[in-house]
Amino acid sequence: MNPRPENQLVPHDHRYAFATRILTGGYVHVVRRRTNGWSGPFTGTDLEPAVVTLEGPGSTYTLGDAMVHQAVMEPDTVTLLIRGPRRKKLSHAAQELMPPRETWPAPAIPGDEPEESRPPTLEEYQTMRAYLIQRQLIDWRLGFPWPRRAAPR
């Protein structure tokens, strides 16, 4: 689920390789080719479209940490993302395309070391769980999405 849809328009890379599967909804996925090398900061002018795909329910793909991409999601899209180990300290995005700073989450405390992704709070977990149950992506009785069974009559 994408909590910050305004960031979808910004080409970016990740600190880790990942695999993803679209569970519901879909998106236009644009993988970009860097014209200024394979690492470090970049701008929108350092990128060219390379592969454009339409991803729908059941689509699966993987991307390495050096790959730059965008995923413009339909409303109510849910994906399962499995990330690999962190391979670099920073991810990058085309800075001139970033949304205004006031829309960003609170910054880290200066001098703090980078942290791995934190687990969700209980409230965040309950919100996500209710969202997935409502869309019949998980069965609250089973606690996981597979096998998908018809509701009892």
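A residue is called buried under 20% relative accessible area, exposed over 50%, and partly exposed in between, with a 1.4 Å probe and protein chains only. The model described here is predicted: local features need pLDDT of at least 70, side-chain atom pairs count only at pLDDT 80 or more, and totals for chains, interfaces and linings use all residues. Residues are numbered from 1 along each chain as its sequence is written, and side-chain values use heavy atoms, with hydrogens and water left out.

Helices (H or I, at least four residues) and strands (E, at least two) are DSSP runs, numbered from the N terminus. Two strands pair if DSSP finds at least two bridges between them. Strand β2 (residues 27-34) runs antiparallel to strand β3 (residues 47-55), with 8 bridges; within this pairing, His29 has Thr53 of β3 as its bridge partner.

Asp76 belongs to the loop between β5 (68-73) and β6 (78-86), whereas Gln136 is placed in the segment after α1 (122-134).

Leu9 lies in the segment before β1 (16-24) and is exposed, at 58% relative accessibility.
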